[in-house]
Amino acid sequence: MTLLRNASTGYRVRRTVSHERLGDEVVIIDYDTGNYFGLQKVAAVIWGLLGNGAAVDQVLQEIGALYPDARDREAEVIRFLDDLLREQLIEEIAAPPPRAIPATAVTSFEAPVLEKYTDMRDLLLLDPIHQVNALDWPLARRDGDGGDPGDA
Amino acid sequence: MLETASPEAPGVAFDPTMHYAETRAAFARAQARIPPHQDAFCAIAGWTLRIRFAGPAAARLLLPALHHLAIPPVTDPSLTIMVADSKTTGVLPPDAGWRRLGNTHTQLVSTPTARAAYQFESETQSLLHFPTSEGIFWVTEPGRLRYYEEVSPLRALLSWWLLPRGCLVTHGAAIASSAGAVLLAGRGGSGKSTTAVACLEAGLAYLGDDYCAIAPSPSPTVFSLYETLKLMTPPADSPLGFRPPQEASHKAVANVGATHPAQLLRAAPVRAVACLEVAHRERTTVEEISPAAALRALAPSTLLQQPGLRSEALRLMAELVQSVPCRRVRVGTDRRGIAACVGALTAS
């Protein structure tokens with residue numbers, strides 16, 4: 001069963017991941033888990049559509065326009081979006097943009113695959129880094145006097 | 001007698017400017033308590049760095065790794081880092097409220113004007129004030145520094161300061177010939193240090209075995225940061241003078257400048273990125289890989305080990321791997337073969 005809410009729900013790339021496109025490939029780093037991911041060809045095209053947010057039916061429409069004759073196209077795209085959602089690489093957004101950014105076809109349709117690498121997770125487990133928002137940070141203050149604490 | 005820190009008042013937002021000003025004032029008090037130590041000056045990635053010490057203890061531990069970058073004093077350094085330790089000076093830095101949550105190793109607070117990180121095991125604080133290009137590295141007790149903080153000193157501060165200038169402190173090794181350098185990428189245990197040692201023994205130049213700085217533009221360049229080299233099991237016949245580790249889990253360390261100063265380079269143009277894997281055989285082999293594959297080898301260990309690096313850091317690495325040839329090097333056991341293969345890549 002799909003994790004996607006419905007066809008009109010919008011999703012976009014989560015802000016807690018970094019990603020770069022290199023040709024028809026994408027590299028994704030998830031700082032929360034230490035996992036990193038690779039996308040190629042059609043998977044990279046779909047990822048590009050989600051950069052600024054897109055509704056599920058917009059993604060299906062764009063991929064359908066690029067690969068009209070592809071078999072099982074819709075089911076494969078839904079499955080791939082489910083994989084992205086399951087790995088928490090994308091998040092739901094309240095209002096997808098009215099039109100998805102037009103995609104550029106790469107070769108022929110191949111089932112999009114999310115390549116997952118977990119070999120760096122131990123870096124975070126061994127040396128976890130806790131990043132704190134400055135507004136949530138407690139700071140030791142001296143009431144009133146902002147000068148030197150003085151010698152003990 | 002130790003100077004006491006401020007009493008705690010929880011729930012107040014972190015004010016980076018005030019915290020930096022208070023810590024800087026504490027540094028001045030620390031310097032005043034002990035005989036002065038001479039400032040050190042270094043050239044790093046085309047910039048000048050002044051390191052001011054409140055006492056000699058931290059200087060003895062941190063400067064050897066930077067020795068090859070030493071320059072005469074300059075009047076207007078690009079970056080100034082103040083280093084103090086509480087044990088020698090008797091001065092504590094102001095308490096910012098660092099509190100360990102679970103097994104957190106490093107806590108990081110970032111704002112547009114300042115960045116601060118605290119490492120709980122070594123009890124060290126790194127603080128950078130961006131508007132003034134000043135940083136502070138405060139050590140509770142020099143003896144508690146983790147050994148990699150001695151072999152790769154001030155790494156967080158250098159990393160934060162260099163990144164807005166288009167230069168990234170990268171987890172990687174670099175060796176070079178007269179034609180240029182090869183950046184050696186790969187997670188821990190992939191053979192970077194072993195390859196660096198083999199290349200040194202073959203007469204190639206050395207820029208680093210664990211961390212180097214890279215700048216993809218205007219032309220891809222790698223900069224040396226540290227002259228130290230670490231190996232878990234150095235070859236018995238190595239001429240590099242490895243010092244035995246103080247703990248079984250640590251690596252043996254050598255200062256390349258002590259034995260091979262003529263083979264130390266401060267900078268070189270990058271000719272290729274080589275992603276290393278250990279091959280359990282004698283022969284070393286090389287094959288072409290895509291820039292994306294090279295980025296997957298280079299980026300995760302760089303980004304996940306260093307607090308405060310995100311999208312801009314990944315962008316710089318992506319720019320680099322798309323501007324030079326990328327190769328996978330399966331590192332064999334024949335050291336001469338390693339040096340021959342990697343040395344050939346410097347002429348790519």
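D72(A) is found in the loop between α2 and α3 (73-86) of chain A, where helices (H or I, at least four residues) and strands (E, at least two) are DSSP runs numbered from the N terminus. This is a predicted model, in which local features need pLDDT of at least 70, side-chain atom pairs count only at pLDDT 80 or more, and totals for chains, interfaces and linings use all residues. Residues are numbered from 1 along each chain as its sequence is written, chains are lettered from A and ligands numbered from 1 in the order in which they are written, and side-chain values use heavy atoms, with hydrogens and water left out.

Back to the backbone. Most residues other than glycine have a negative phi, and most peptide bonds are trans. D72(A) has a positive phi, near 55°, and S133(B), not a glycine either, has one of about 50°. S133(B) sits in the loop between β6 (124-129) and β7 (134-139) of chain B. The peptide bond from S217(B) to P218(B) is cis, with omega near 5°, and P218(B) lies between β12 (211-215) and β13 (221-224) of chain B, in a loop.

How buried or exposed are some of these residues? The cut-offs are under 20% relative accessible area for buried, over 50% for exposed, and partly exposed in between (1.4 Å probe, protein chains only).

| Residue | Relative accessible area | Class |
|---|---|---|
| D72(A) | 52% | exposed |
| S133(B) | 12% | buried |
| E25(A) | 11% | buried |
| Y118(B) | 15% | buried |
| F120(B) | 11% | buried |
| Y148(B) | 22% | partly exposed |

E25(A) belongs to strand β3 (residues 25-30) of chain A. Leaving aside residues up to four places away in sequence, E25(A) touches residues of both chains, including L39(A), A44(A), S290(B) and R296(B); contact means heavy atoms within 4.5 Å.

Now the helices: which residues of α1(A) meet α2(A)? V45(A), I46(A), L49(A) and L50(A) do, and their partners in α2(A) are V59(A), E62(A), I63(A) and L66(A).

As for the rings, the structure holds 6 aromatic pairs over all chains. Rings of Phe, Tyr and Trp (its six-membered ring) pair if their centres lie within 6.5 Å, with planes under 30 degrees apart counted as stacked, over 60 as edge-to-face and the rest as tilted. One of the pairs is Y118(B) with F120(B), edge-to-face at 5.1 Å centre to centre and 70° between the planes. Another edge-to-face pair, Y147(B) with Y148(B), has its centres 6.4 Å apart and its planes at 70°. W98(B), Y118(B) and F120(B) form one aromatic cluster.
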